[in-house]
Amino acid sequence: EYCNGNFSQVREVTKTVLEMSTTFHDQLRAHFVLIKTLSAENRLHEAIKTGISVLTHLGYHPPLAFSDKSAIDETFKETKATIESMTDDEFFTLTAMEDSDVLIAMNFMSELLSIAHLIDESIGICLMAHMIQLSMRYGVCKESSYALACCSALLYSLGDLKASKRVSYFALSLLERLDCKEMLPRVYLLIYLCILSTLEPSNEISEKLLYGYKVGMQTGDIKFALCNARTHCAQRFCCGVGLDVLIRDIRVWEHQMIEYKQEMSRNSMKALRHTVLALINFSVDTMQQNGDFLAEGKKLLNGHIEKNRQYLATVFCFYFSCVSYIFCNYEFARDMVEMRWKLENNLKLRFGAHGAASFFDTLISITLAHKTKEDTWKKHAHECFEKALKYSKGRPHRVLILKTEIDVLMGNINNAVTNYDKAIVAAGESKHIHEEAIANERAGDFCLSKGDARAYYYYSRAHELYLQWGAKGKAVQLGGKESPLTFPSRF
């Protein structure tokens with residue numbers, strides 16, 4: 001009934017089981033299914049409360065108070081140090097976990113860990129560290145691979161890519177060693193969303209996430225199957241897949257999310273859908289009629305902020321800053337970037353969008369530095385560029401685009417057109433058609449500002465590439481379908 005999304009029926013059955021069970025252990029399966037149901041319905045606080053109650057009864061409640069953030073941070077550092085001090089041989093000789101109560105506790109903590117970062121990151125870090133500590137003490141189990149994947153994702157967000165890569169290797173190796181397919185969707189989601197997104201080719205990442213979706217559907221892990229589907233769509237957007245194809249896939253999976261009542265995944269997918277549709281359909285006329293082409297999306301964003309769903313809110317902020325930059329709505333892009341940065345001050349696990357977040361942050365900061373002449377935005381531009389360098393391995397065109405833009409900002413313009421050309425060629429070779437379009441548009445902006453007739457060529461090429469990508473709304477804004485050289489008034 002849970003897999004079919006019949007949650008009211010699930011609650012009735014679990015209530016009956018809990019009432020009729022004579023021992024606590026007889027109630028465990030009902031508690032577990034109830035937590036999964038509450039999670040799918042977005043009743044996350046209730047799910048956490050139920051799970052913590054079970055862990056307390058089992059005697060494996062995490063040893064720290066969730067409100068003691070400094071102690072939790074210290075525990076994470078100790079856990080990281082323990083993993084880093086282990087040799088490969090020491091890790092691979094860890095025995096399998098056999099204690100039945102610890103195995104049950106690990107199962108429950110794994111489910112709580114999957115939702116904790118959405119409401120209180122400290123709970124997630126505490127649970128993750130506790131699971132790794134139990135694995136070191138009692139041996140490894142299938143849930144250990146998920147805890148390690150979470151640790152890798154957190155290290156990635158904190159900028160420690162070397163440690164993240166090593167821990168991800170442990171997680172994937174353990175997944176293979178224990179042959180635990182039921183954990184594969186969870187591990188793949190985190191590993192290929194984070195560290196391996198910077199190290200492996202885009203098409204391989206896409207295939208891994210799609211495989212994670214298929215395995216999740218086969219094993220009954222509907223929540224993580226659809227999380228993989230959502231991340232698969234996000235990754236394809238960041239790699240410049242055709243928007244017409246992408247919106248078709250988004251609608252198919254959104255239908256599944258509705259069918260299986262997976263509200264958490266659907267909420268994240270909405271941000272991407274609004275962005276893609278804006279790129280496809282936007283026009284000056286519709287903006288004048290509706291007042292704001294992202295009005296509904298902004299309403300959803302404000303709802304997440306009001307409900308303290310900070311991570312989800314940052315996802316919306318990224319997509320909206322991205323589409324606003326593409327449409328040259330720099331004031332709204334600034335608002336979204338500043339809001340995301342403010343929210344991220346309270347987060348360690350951040351939405352990197354396969355390296356695209358730091359890429360667009362840098363572009364937006366550079367543009368605002370040009371427009372405002374404020375040193376603050378110059379500083380932001382350099383800081384974001386340094387971050388982008390770290391997260392752009394495997395995507396050298398992004399570094400070339402940003403390096404050229406930084407040089408122009410700093411007045412080093414002698415080789416600007418040549419460097420834009422290098423960035424454009426690299427983006428074409430990487431098959432990131434949207435970023436090739438952006439590079440051409442930026443080259444056009446530069447040439448136009450210098451009275452260089454080559455702007456004609458760059459805007460024409462940008463217009464052509466936006467159309468190929470499927471961003472018809474952007475192509476129209478840039479110059480119109482028939483006459484791409486009727487430059488917009490912003491120039």
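## Basis of the description

The model is predicted: local features need pLDDT of at least 70, side-chain atom pairs count only at pLDDT 80 or more, and totals for chains, interfaces and linings use all residues. Residues are numbered from 1 along each chain as its sequence is written, and side-chain values use heavy atoms, with hydrogens and water left out.

Helices are DSSP runs (H or I, at least four residues), numbered from the N terminus. A residue is buried if its relative accessible area is under 20%, exposed if over 50% and partly exposed in between, with a 1.4 Å probe and protein chains only. Contact means heavy atoms within 4.5 Å.

## Helix α12 and R236

Helix α12 covers residues 222–238. At 1.5 Å a residue its 17 residues should span 24 Å, and its end C-alpha atoms are 24 Å apart, which agrees; the expected span is 1.5 Å times one less than the number of residues. Because 17 of the 17 residues of α12 are buried, this helix is largely enclosed by the rest of the structure. G240 follows α12 and has a positive phi, near 85°.

R236 lies in α12 and counts as buried because its relative accessibility is 17%. Not counting residues up to four places away in sequence, R236 touches S206, V241, V245, L246 and D249. With D249, the side chain of R236 also makes a polar contact of 3.4 Å. A polar contact is a pair of N or O atoms within 3.5 Å; within protein, one must be able to donate a hydrogen and the other to accept it, and residues adjacent in sequence count only if both atoms are side-chain atoms. The C-alpha atoms of R236 and H432 are separated by 9.9 Å, although these residues are 196 places apart along the chain.

Helix α3 (residues 44–58) has 15 residues. From first to last C-alpha it reaches 21 Å, close to the 21 Å expected at 1.5 Å a residue. Its buried residues are L44, A47, I48, T50, G51, I52, V54, L55 and L58. They pack against α2, α6 (100–116), α7 (121–138) and α14 (263–281). Just after α3, G59 takes a positive phi of about 90°.

Helix α2 spans residues 24–40 and holds Q27. At 16% relative accessibility, Q27 counts as buried. Leaving aside neighbours within four places in sequence, Q27 is in contact with L18 and S21.

## L161 in helix α9

L161 is found in helix α9 (residues 161–178) and, at 13% relative accessibility, counts as buried. Residues up to four places away in sequence aside, L161 touches Y156, I195, K390 and Y391.

## The nonpolar core

In soluble globular proteins, nonpolar side chains tend to be buried together. A nonpolar core is a set of buried Ala, Val, Leu, Ile, Met, Phe, Trp, Tyr and Cys residues joined through side-chain atoms within 4.5 Å. The largest such core in this model has 169 residues, and those with the most contacts inside it are F237, Y319, F360 and Y466. Helix α17 (residues 310–326) gives the most to this core, with 13 residues.

Beyond its neighbours within four places in sequence, F360 is in contact with F318, C322, Y325, I326 and I438.

## Aromatic rings

Rings of Phe, Tyr and Trp (its six-membered ring) pair if their centres lie within 6.5 Å; planes under 30 degrees apart count as stacked, over 60 as edge-to-face and the rest as tilted. The count comes to 24 aromatic pairs. The rings of Y169 and F170 have centres 6.2 Å apart and planes at 35°, so this pair is tilted. Y169 is partly exposed at 41% relative accessibility, whereas F170 is buried at 0%. The rings of F318 and F360, with centres 6.5 Å apart and planes at 70°, form an edge-to-face pair. F318 lies in α17 and F360 in α19 (residues 356–372), so the pair ties together parts that are 42 residues apart in sequence. Both F318 and F360 are buried.

Ring pairs link F237, F318, Y319, Y325, Y330, F351, F359, F360 and W469 into a cluster. R398 lies over the face of F359, at 5.5 Å from the ring centre. The charged end of R186 sits over the ring of Y146, 5.5 Å from its centre. A charge sits over a ring if NZ of Lys or CZ of Arg is within 6 Å of the ring centre and within 35 degrees of the ring normal.

Terms used
Helix = DSSP H or I, 4+ residues; strand = E, 2+ residues; numbered from the N terminus.
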